[in-house]
Amino acid sequence: MSFMAVAYVPAMIEDLETFRKERANGLYGPLSFSVANFLIGVPYLFIIAVIFSLITYWLSNFHNAGQAFWTWVGWLFLDLLAAEGLVVLVTSLAPIFVISLAVTAFANGLWMSVGGFLVPMGTLNVFWKCE
Amino acid sequence: MKPFGPSCTGSLTLPDVFHYIDYQAYVFQGMMVNQFKNTIYSCDSTVDGYQCMYPSDLQTQGKIRGTAVLDAYHYTHATGKQWEWVGIMLAIIVVYRILGYLVLLLR
């Protein structure tokens, strides 16, 4: 899910083009853009988290309880918020489609590698995790 | 083997830092705890009893307590730890947003 946040890159680049024009006209500042960009994403990310979970949660035979389901949705929601924050940061740094796509994909690949998901943290090489 | 010298006894290495700023790590840990903290699984039965992949206090009944799975993979499941992870997640989100704002401000 967080990997697919790279799909936001092209839309974000278009938003940044508009932002650059409006800012040059003195109509719009970076703070209002950042706040608006965050707020507009929140409800949609929540809807995405709920729809995805409704389909896959029981499909994967996860813990069949209401509280567990909503806890899961909460984690997914936080994950998407963080992933979107990363995309916005990277795209602002490098507003070129190929570069921001590559950097975001690399970052997510790195997060997956060291996140304890592919290799549990207990067995991960000491190079990545010292315990 | 310690690739970065005495790092394992004291300071963090660069790869360590990657784990601790990894939002996916906290989400995954939270989901693992959510799935295994209150669940009980059945073992396969064999001719002379049960074959349990993860030994727990329910082994004699042919069951696996979910927390045994978490322990086997070294996932912390102490109460209150999940809220700490939620806090770290919110902090990561805020830091990304502030950095994004600063980039826009300075460019």
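How many residues from chain A and from chain B does the contact take? In this predicted model, 48 residues from chain A and 43 residues from chain B take part in the contact. About 4200 Å² is buried between chain A and chain B, and carbon and sulfur atoms give 68% of that area.

**Polar and charged pairs across the interface**

- Between chain A and chain B there is one salt bridge.
- Arg97(B) and Glu84(A) form a salt bridge, in which the closest N and O atoms are 2.6 Å apart.
- Nine residue pairs, with both residues at pLDDT 80 or more, are in polar contact between chain A and chain B.

**The side of chain A that touches chain B**

- Four helices of chain A each supply at least two residues of the side that touches chain B: H1 (9-24), H2 (30-56), H3 (66-93) and H4 (97-114).
- H3(A) provides the largest share of this side, with 17 residues.
- By class, the side of chain A that touches chain B consists of 32 nonpolar, 12 polar and four charged residues.

**The disulfide of chain B**

- The count over all chains is one disulfide.
- Cys43(B) is joined to Cys52(B) by a disulfide, with an S to S distance of 2.0 Å.
- Is this disulfide right-handed or left-handed? The torsion about the S-S bond of Cys43(B) and Cys52(B) is about 95 degrees, so the disulfide is right-handed.
- Both partners, Cys43(B) and Cys52(B), are buried.

- Helix H4 of chain A contains Ala105(A).
- Why is Ala105(A) classed as partly exposed? Its relative accessible area is 24%, and the class of partly exposed residues lies between the limits of under 20% for buried and over 50% for exposed; Ala105(A) is therefore partly exposed.
- When residues up to four places away in sequence are not counted, Ala105(A) touches Phe3(A) and Val6(A).
- Val87(A) is 18 residues from Ala105(A) along the chain, and the C-alpha atoms of the two residues are separated by 9.5 Å.

Terms used:
Residues numbered from 1 in each chain as written. Chains lettered and ligands numbered in written order. Predicted model: local features only at pLDDT ≥ 70, side-chain atom pairs only at ≥ 80, totals over all residues. Heavy atoms only, no water. Contact = heavy atoms within 4.5 Å. Buried area = accessible area lost by both parts, 1.4 Å probe. Salt bridge = Lys/Arg side-chain N within 4 Å of Asp/Glu carboxyl O. Polar contact = N/O pair within 3.5 Å; in protein donor to acceptor, adjacent residues only side chain to side chain. Nonpolar A, V, L, I, M, F, W, Y, C, P; charged D, E, K, R; others polar. Disulfide = S-S within 2.5 Å. Buried < 20%, exposed > 50% of the residue type's maximum accessible area, 1.4 Å probe, protein only.
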